[in-house]
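User: I would like to go through this model label by label and hear what each one rests on.

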Protein chains: 2
Amino acid sequence: MNPGKSDKHLKIGMLGCGVVGSQVARLMLESSEDLNARSGATLELVKIAVRDLKTERPGINPAILTTDADSVVNDPDIDIVIEVMGGIEPARTLVLQAMQNGKSVVTANKAMLGRHGAEMFKAAMKNKVDLYYEASVAGAIPILRPMGESLAGDYVRRVMGIVNGTTNYILTKMDESGASFADALKEAQALGYAEADPTADVEGFDAAAKIAILATLAFHTEVIDTEVSREGISGITAEDVAVAKSLGLVVKLIAIAELNNKEEISVRVHPTMLARTHPLASVRDSYNAVFVEAESAGELMFYGRGAGGAPTASAILGDLVEVARHKVDGGLGAPETDYADLDMAPIGSMPTRYLIRLEVLDIPGVLASVANTFAHHNISIQTVRQTGRDDRAELIVMTHMALDKDLANTVAELAKLDTVKEVASVIRVEGTLS
Amino acid sequence: MNPGKSDKHLKIGMLGCGVVGSQVARLMLESSEDLNARSGATLELVKIAVRDLKTERPGINPAILTTDADSVVNDPDIDIVIEVMGGIEPARTLVLQAMQNGKSVVTANKAMLGRHGAEMFKAAMKNKVDLYYEASVAGAIPILRPMGESLAGDYVRRVMGIVNGTTNYILTKMDESGASFADALKEAQALGYAEADPTADVEGFDAAAKIAILATLAFHTEVIDTEVSREGISGITAEDVAVAKSLGLVVKLIAIAELNNKEEISVRVHPTMLARTHPLASVRDSYNAVFVEAESAGELMFYGRGAGGAPTASAILGDLVEVARHKVDGGLGAPETDYADLDMAPIGSMPTRYLIRLEVLDIPGVLASVANTFAHHNISIQTVRQTGRDDRAELIVMTHMALDKDLANTVAELAKLDTVKEVASVIRVEGTLS
């Protein structure tokens, strides 16, 4: 049952050698016997393209480093290219060139695939090479292969995930300690969980790229990151988190891709209040999880580390073994398909529940005027809570299912009411309430 | 990006047409367009072997039914065989015959693979066919492919799962309502969650077969069900469940495969008290979940429906699409490997914590004699709680890590003490205590 320590020798090139790449290099060296037994070939890392040759890289033979990335993708001796440089360009051009040269590619690059996935998967098919990318979404968690292969005989209705560890860390801290967004972000930066410029994470761009990749797989339809309706967490206040807590809810940055009843796809990233009984509510700190609802399989959840050098490297090596096996035995992995070619749902057409916090005047008739405004836009109110703190009066309104556009019109009208001082926040709610 | 509605036509035979098989047949009919687009071939179900031709099978053309299973596996026109008859024989002989005839096989049969996996995977390799079996463990949850492929570049240290829905349903009811084992079992039987003869489920045989399959994959070493140390839940009393609850624990039937520090494999199934904060503790009713600890990936969890016609059929169709793709494009799935060939840890050599309930005489000196007995066998006590109900006195002892064999010797000696009326229960404890 040993596929065999064959005499086959495969040469591997790598683009980039940062946090993830250095772990890949270390593990390839340490696990070479096992990788050989599992893939059926000796895998040798022969060339690594880096930006700076002078950086200390313990355990890596300096002779295999180069600053010439083209020389990796054009080297006729290299069979497989691992791309861990990140960013759209020059990664995209290099990967396309590698595939054109007949090399299979393993990548962790969500930005590149979230934007140019269709082009790249087409290029892989055309050149009859593999393009594997498990590490691009949710780090070490095997989610793309289960979605693309294990669920290939089923129909996914909905994918809902916590796919950005930085924002989940920040929101967990805000929930646990009552910290402000700014303080929690500072803590995340001090611990290396957030970048100096945290925009990509906190404004939801990273999550948008990942849900675009998941949606493409789940619905067999090309979805790109710029089609994702996106809202980040920088507007979430300590008060929002406290109100959620008092209602048995928790605020999470959720990425959702789902089908509506017209079989159109809605894809969005936004802060969401989740019932604490929802499986995703207990996903804490920098952990990730993806919740999938499929017609036959029912509810599935995949949980684990969404980032970090070693977890991401684990996903890359899993892909590498599979791609190497194909080089040894022939065959290719399941191709991406966009045969279904579903339409995108118009923005504002997916119903959600909302929690709206209003600062209002503490006078009679306020509730009536607010309730009228909701009714006027056909939005049904589930509960209203009126609270007074110091000299302020606050209304917390939870709606039944309502459309984006109706809600937006309601909020605009509420803001104009004489009785409303401020619409303090509007946040979506998902999952059954406890 | 459509792998193509090719002209390729693949003929499928099926062995068995019960709860799972009838769902497979239904979905193949309803999803034929999509299965074609995803696999690249028209998949036609041409023959089904059943025990009784007279059973009503709505939606299935009676002309494709036969009672002659041999005629399915020997039909030269059939490309792929789906085996959903269950049980070791005649399934094993039929599947071996099918593979010898060059047919790829998709199976949901844990009993067959838990016992004869090695033989069957060898036969698949020898005959250059696929043997896919995602549905055999944890129903719809994609766990085998992630374990065998996505983690192929990593080292699994431990797999711990709730892999039997029947016992999880029974234990959930006992925990929620305080029911006895007998009453909870009756309820499970009335709902169709438990068989008339529930032995395979409640005594852990089903879970043992599944953890043998998981251990084989995780540790690249042949593990068979009879090597699994096994204890069922029929001895669990309402009192055990109540005591667990009072300590912030919950009783679950857990299947564990792990490496000890000598890199030997320990595989076991037994009732376990889990801290309620452990991710597996919140897996309720008939749901399944598998928790994996890998060196680089860290902690992963896979959660979903572990049984039922449609969820199991979803897993089978996922495998069918992949196996069909290989028939169209060439190549084969990752073979099972047992290259690592690790030893099994001697029974009794894995340290665990234990909770022991003793009925004792209500006289001075009892605690001293009990504590002495533990000390005599080098077992360190973490906590002791003494309770008195009516005229009975009870000692609840929680140990630190202790070896099976030391614990067994301790219990034998405790039972002989004049001060101990009865050793009421001995249950293992896993996970950090809250």
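Analyst: What follows is a set of questions on the labels, each answered from the model.
Analyst: The model is predicted, and local features need pLDDT of at least 70, side-chain atom pairs count only at pLDDT 80 or more, while totals for chains, interfaces and linings use all residues. Residues are numbered from 1 along each chain as its sequence is written, and chains are lettered from A and ligands numbered from 1 in the order in which they are written.

User: What pLDDT does chain A average, and where is the pLDDT below 50?
Analyst: pLDDT is the predictor's confidence in each residue, from 0 to 100. Chain A averages 92, and 97% of its residues score at least 70. The pLDDT is below 50 over residues 1–5 of chain A, a stretch with 17 contacts in the model beyond near neighbours in sequence. Where pLDDT is low, the predicted coordinates should not be read in detail. The model has an ipTM of 0.87 and a pTM of 0.90.

User: Why is His220(B) called buried?
Analyst: A residue is buried if 20 or more other C-beta atoms, placed from the backbone, lie within 10 Å of its own, exposed if 12 or fewer, and partly exposed in between. His220(B) has 23 other C-beta atoms within 10 Å, so it is buried. This residue is in the loop between helix H10 (205–219) and strand E8 (229–230) of chain B, and its phi is positive, about 50°, although it is not a glycine.

User: What makes Asp285(A) partly exposed?
Analyst: Asp285(A) has 13 C-beta neighbours inside 10 Å, and therefore counts as partly exposed. Asp285(A) also has a positive phi of about 50° without being a glycine. Its loop runs between strand E10 (265–275) and strand E11 (287–294) of chain A. Most residues other than glycine have a negative phi, and most peptide bonds are trans.

User: Which peptide bond is cis in chain A, and which in chain B?
Analyst: In chain A a cis peptide bond joins Glu89(A) and Pro90(A), with omega about 10°. In chain B the bond from Glu89(B) to Pro90(B) is cis, with omega near 5°. Pro90(A) is in the loop between E4 and H4 of chain A, and Pro90(B) is in the loop between E4 and helix H4 (91–100) of chain B.

User: How do you know that strand E11 (residues 287–294) of chain B is largely enclosed?
Analyst: Of the 8 residues of E11(B), 7 are buried, so the strand is largely enclosed by the rest of the structure. Helices (H or I, at least four residues) and strands (E, at least two) are DSSP runs, numbered from the N terminus.

User: What makes E11(B) paired with strand E7 (residues 156–162) of chain B and with E12(B)?
Analyst: Two strands pair if DSSP finds at least two bridges between them. E7(B) and E11(B) have 6 bridges and are antiparallel, with Phe291(B) as the bridge partner of Met160(B). E11(B) and E12(B) are joined by 8 bridges, also antiparallel. Here the bridge partner of Phe291(B) is Met301(B). E11(B) and E12(B) form a hairpin with 3 residues between them.

User: How many residues of chain B are in contact with chain A, and what does H12(B) give?
Analyst: Two residues are in contact if their C-beta atoms, placed from the backbone, lie within 7 Å. On that basis 57 residues of chain B are in contact with 57 residues of chain A. H12(B) gives the most to the side of chain B that touches chain A, with 13 residues.

User: Why are strand E3 (65–66) and strand E6 (131–132) of chain A called edge strands?
Analyst: The open sheet of 6 strands in chain A has the order E3-E2-E1-E4-E5-E6, with parallel pairing. E3(A) and E6(A) each pair on one side only. Within the sheet, E4(A) and E5(A) pair over 4 bridges in the parallel sense, with Ile82(A) opposite Val106(A).

User: Which residues of E5(A) point one way, and which the other way?
Analyst: Ser104(A) and Val106(A) point one way, Val105(A) and Thr107(A) the other, and all are buried. In a regular strand the side chains alternate between the two faces of the sheet.
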